[in-house]
Amino acid sequence: MGIGLPFLNSKPLTLTFKIPINGFSRFFEELKNGRVMATKCRGCGKLYFPPVAECGECFSSGMDWVELDGEGEVEAFTHVVVRPESFKRNPPYTLVVARLKEGVKVFAKLSNVDLAEVRVGMKVKLKTKIVGDEAIYEFTPV
Amino acid sequence: MFVLRKVAVIGVGCSKFGVRRDVNVARLSFEAVKKAFEDANINGKNVEFLAVGSAGAGGLYEEVLPAVVVAEYCGMTGAGLTRCEAACASGSAAFFTAYMAVANGLVDLAVAVGVEKMTELETPVVMEMLGRAGYYLWEFHGFGPTFPAYYALYASAHMEKFGTREEDLALVAVKNHKYGSLNPLAHFQNRVSVDEVLASPVIAWPLKLYDCCPISDGAAAVVLASEDKLRELKVEDPVWVRGVGFSSGTANLSRRGDYVGLKASVLASRMAYRVARVEPRDVDVACVHDCFTIAEIMAYEDLGFCKKGEGGKLIREGETEIGGRIAVNVDGGLKAKGHPIGATGCAMIYELVKQLRGEAEKRERQVPLKNYVGLAHNIGGVGHYCYVTVLGR
């Protein structure tokens, strides 16, 4: 309704948030070393991925870093065809949630895979990769 | 125990949903508020508290403080005022806030307005803003999920576990477009067939274009009153708020127990049924959160309209049509009526009030009333927030 009616352009604004990663910056450092890390609460033993600096269960601030083996099984997946603005230059991609042997689940991209092969229950493994100046983690088929 | 006061809905209004480039957020809200005020026979000066539900303030449209803009434009400046954000359940959060203001005895007349403008930005930017509305740091930043993608994850798991088929999902779109074509306020006025849904382009597999709600502009307004106010205004036989239930889910999707239902829906609905002293089988008409077709199938199960895993069967057997076991989304749902995210919760209340009064337009979609009980189920995010509201007469 109303296509062709008069409008005013707002002032354009580009927002870049400086997101503090203090408290779990080691996660990003270790990614560059090829390791995907989780944190384990010293107070109650709960394992966290994504990592946290404080435990929301027992409110302890004592966390140990634990390397994840990364092997897991797909619980849910999708192939994203219509991409958001900042991913529009990427080709369509596959996203999954997989449960790792350690018990935590990881939401990440699944790469190097034939779409027809992706299914719930598929065995996958986490690996790290350097893209531009950022280290990332993603799944590949086992 | 503190006992809440009885609260009635005495006025509702809803704008035309769709691509509304003819109005800004203030005028769009006015369209709904004017109808609600006429319906309740009040004006802005009578309003003691206003809650505005809107999720995209400053992000999807230009106004950062829409509540003050809406209050001024609709003659309610001076009333107690807040904006409520609960993603796509912002309208229900506003309704709940206004309801509580009356129920706890602080005021006798409160208004909830839900409003969203979603077509002022280019579509990929809107997809981005909605995709960011999970956990930006751990999900969007690295992987670029969209909202259809989040629900598609659930669809893949539901299909695997229960054998739900893409055709079952398509049937939800077929039903809701059918009723949307009978609702003059709906964004989509066209019917679709199963074949058309299945042949539409993939957005995030297994969800295709016709499995997804449109990006819409719209507003809805609800006037709530105490029993004292009803006597003063000489309102008889209103629609009552029988109960509200609420819950939430983790920000990280990876911290969910499973991907075949929304726990927040289960918990919120159980609470609403308990408070309202009704059971699923008592509900004559329901508005459930069908932002994507899979969401309606999961809602059937999570709200107890059928057993877990039997949502596909329920739609296949036509039990959620008018004349079936329970009429669901006979205003077209989010799927066809449109989903201006902050407006949806109040638009559900609008539809239920019209149905419970026997005033649904067009007449073909008036639900036969047995128990005079209606239920609104409004999800924010992917079960990040949930409100369930039970109304009755």
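Let's start with the contact between the two chains. It takes 35 residues from chain B and 32 residues from chain A. Keep in mind that this is a predicted model.

Which elements build the chain B side? Four elements of chain B each supply at least two residues: α4 (123-131), α5 (136-143), α6 (147-162) and β5 (202-205). Helix α6(B) gives the most to that side, with seven residues.

Strand β4 of chain A, residues 71-80, is joined to β5(B) by two bridges. The two strands run antiparallel. Which residue of β5(B) is the bridge partner of A:H79? That partner is B:W205.

Stay with β4(A) for a moment. Is this strand mostly covered or mostly open? Mostly covered: seven of its ten residues are buried. It also has partners inside chain A. With strand β5 of chain A, residues 93-100, β4(A) pairs over eight bridges, in the antiparallel sense. Here A:H79 turns up again, standing opposite A:T94 in β5(A). So much for that pair. With strand β7 of chain A, residues 123-131, β4(A) pairs over three bridges, again antiparallel. In that pairing, A:E73 has A:K123 as its bridge partner in β7(A).

Let me put A:H79 together. Within chain A, A:H79 stands opposite A:T94. Across to chain B, A:H79 has B:W205 as bridge partner.

Now step back to chain A as a whole. Its secondary structure comes to one helix and eight strands. Of its 142 residues, 28% count as buried. Now take the contacts in chain A between residues at least 6 apart in sequence. Among these, 50% join residues at least 24 apart.

How is chain A divided? The domain assignment gives domain 1 (19-67) and domain 2 (70-142). The C-alpha centres of these two domains of chain A lie 21 Å apart. Eight residues of domain 1 are in contact with nine residues of domain 2. On the domain 1 side, the largest share comes from helix α1 of chain A, residues 25-32, with three residues. That side divides into six nonpolar residues, one polar and one charged.

Last topic: the largest nonpolar core. It has 179 residues. Which members touch the most other members? They are B:V9, B:A98, B:V113, B:Y151, B:V222 and B:C346. Helix α6(B) gives the most to this core, with ten residues. Recall that α6(B) also gives the most to the side of chain B that touches chain A. Chain A takes part in the core too: domain 1 and domain 2 of chain A each give at least three residues.

Finally, zoom in on B:C346. Leaving out residues up to four places away in sequence, B:C346 touches residues including B:G53, B:G91, B:F95 and B:A220. Two of the other core members named above, B:V113 and B:V222, are also among the residues B:C346 touches.

Key: Residues are numbered from 1 along each chain as its sequence is written. Chains are lettered from A and ligands numbered from 1 in the order in which they are written. This is a predicted model: local features need pLDDT of at least 70, side-chain atom pairs count only at pLDDT 80 or more; totals for chains, interfaces and linings use all residues. Two residues are in contact if their C-beta atoms, placed from the backbone, lie within 7 Å. Two strands pair if DSSP finds at least two bridges between them. A nonpolar core is a set of buried Ala, Val, Leu, Ile, Met, Phe, Trp, Tyr and Cys residues joined through C-beta atoms within 7 Å. A residue is buried if 20 or more other C-beta atoms lie within 10 Å of its own, exposed if 12 or fewer, and partly exposed in between; C-beta atoms are placed from the backbone. Domain bounds come from an automatic or database domain assignment. Ala, Val, Leu, Ile, Met, Phe, Trp, Tyr, Cys and Pro count as nonpolar, Asp, Glu, Lys and Arg as charged, and the others, Gly among them, as polar.
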